[in-house]
Amino acid sequence: MMITNSSSWVTIPENSDFSIHNIPFGIFSNSDDTKRIGVAIGEYILDLSVANHLGVFDHLSIEDVVFKNEFLNPFIDLGKTITNDVRLTIQKELINDNSVLKGNTKAFVLQSDANMHLPVFIRDYTDFYSSIEHATNVGKMFRDPENALLPNWKHIPVGYHGRASSIISSGEDVHRPMGQILPIGEDKPIYTTSKRIDFELEMAYIIGKSTNLGETLNTNIAEDYIFGKVVFNDWSARDVQKWEYIPLGPFLAKNFASSISPWVVTMEALEPFRVQGPEQEPDVLSYLKYSGKKNYDIKLEVALQPENKAETTISNSNFKYMYWNMAQQLAHHTMNGCNLTVGDMMGSGTISGKSPDSYGSMLELAWAGQKPIKLNDGSERKFINDNDTVIMRGYCENETMRVGFGEVRTKLLPAKNN
């Protein structure tokens, strides 16, 4: 029997991101402020601690402290055999009219009545630069348009080590950062507020299995080390970045904040949406070669909402465009023996498509300020204004199912007085 949303005794709205096929994991709290693990289903959150007390997971013998936890890390560390069993057990319970969960008012909380929190403790975070369209656009703007890509770009998944402590969950506001900037036409920098705050449309994946120092991964097994994915807004201060990035790359322009969606969608839920990636030319080195479909058809959109105004969709992109896939990124990340830890996060880098309306940053959409974007209220933007809210959404969809990530929503507040 094919499972559909209508198979469930929980009412699931049409086109819900949180369908019976999804079952994403997150950390929530409600009136008692206790953080714990839940899964999203329709407009509700299933409290896994309550489900465990009711015996739903008795066959797995999971201690309740795993579910009553402020982070998913101990749960993820149980391993995919168990975490996927939990996911499949929940699916079965939601279509079983005799389930102990049915009618239990303590087991379900409306998402609108809950507070969502950062889902994982992120000790380490790496950001890649894996969209050839984005890298080409940036190269055209700031270097020779005829040689937009640097010589190494098609040979290695370029990345840098980011700041994990400033990764925040959807709904937490960000202040415009201060920074050191070199004004146009000047030869000495000034300390001032960044005037060019930008978003970067990315996806991030959560490491689900640790490795030892000195251990390497190949592309055949790399995906076994990924628990799931989130939508990721890697905030950027472009004027700070322009001055600081040579010779060591991004620093203060990137580490003031990065926002993620609160629900972690498992790789098992994304399995039906695998697609072939773009052709890689020239041939990559042997440790980066792979077989099979390693990209995913995940539709992405960005909306910009001025304060007290309606939002305007300004970009429609897709994760399938990525030149370097996740398996290649992890193979490269560990090829020197760098170890991974459960809960580590890897950012995809800005995701841009081939058409101007699919670019993944204001830098590209407004082409460094030369082509301002017009919003529905008639105003224009070259970069993000104070009190603007950036909203990113992502979902997969085919003829029979929809699996979504919800949204990551962040408001840019004015700079704090210094």
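**Entry 1: the model.** I am working from a predicted model.

Entry 2: Five strands make an open sheet, ordered 4-3-2-1-5, with antiparallel pairing. Strand 4 (108–110) and strand 5 (115–117) sit at the edges with a single partner strand each, so one side of each has no neighbour in the sheet. I also checked the twist, which averages 45 degrees from one strand to the next.

**Entry 3: strands 3 and 4.** Strand 3 (residues 44–47) and strand 4 run antiparallel and are joined by three bridges. I looked for the partner of Ile45 and found Val109 in strand 4.

**Entry 4: what packs on the sheet?** I found helix 4 (residues 80–94) there, touching strand 1 (25–29), strand 2 (36–41), strand 3 and strand 4. The direction of helix 4 makes about 70 degrees with that of strand 1.

**Entry 5: helix 8, buried or exposed?** I went through helix 8 (residues 326–334) and found nine of the nine residues buried, so the rest of the structure largely encloses this helix. Among the buried residues are Gln328, Gln329, His332, His333 and Thr334, along with Met326 and Leu330.

**Entry 6: around helix 8.** I then listed what its buried residues pack against: strand 6 (125–128), strand 13 (201–207), strand 14 (226–233), helix 7 (267–270), strand 19 (295–296) and strand 22 (345–347). At the N-terminal end of helix 8 I found Asn325 as the cap, with a side-chain oxygen 3.1 Å from the backbone nitrogen of Ala327.

Definitions and conventions. Residues are numbered from 1 along each chain as its sequence is written. This is a predicted model: local features need pLDDT of at least 70, side-chain atom pairs count only at pLDDT 80 or more; totals for chains, interfaces and linings use all residues. Side-chain values use heavy atoms; hydrogens and water are left out. Two strands pair if DSSP finds at least two bridges between them. Helices (H or I, at least four residues) and strands (E, at least two) are DSSP runs, numbered from the N terminus. Axes are lines fitted to C-alpha atoms, for helices over the stretch in contact, and angles run from 0 to 180 degrees between N-to-C directions. Contact means heavy atoms within 4.5 Å. Buried means under 20% relative accessible area, exposed over 50%, partly exposed in between (1.4 Å probe, protein chains only). A polar contact is a pair of N or O atoms within 3.5 Å; within protein, one must be able to donate a hydrogen and the other to accept it, and residues adjacent in sequence count only if both atoms are side-chain atoms.
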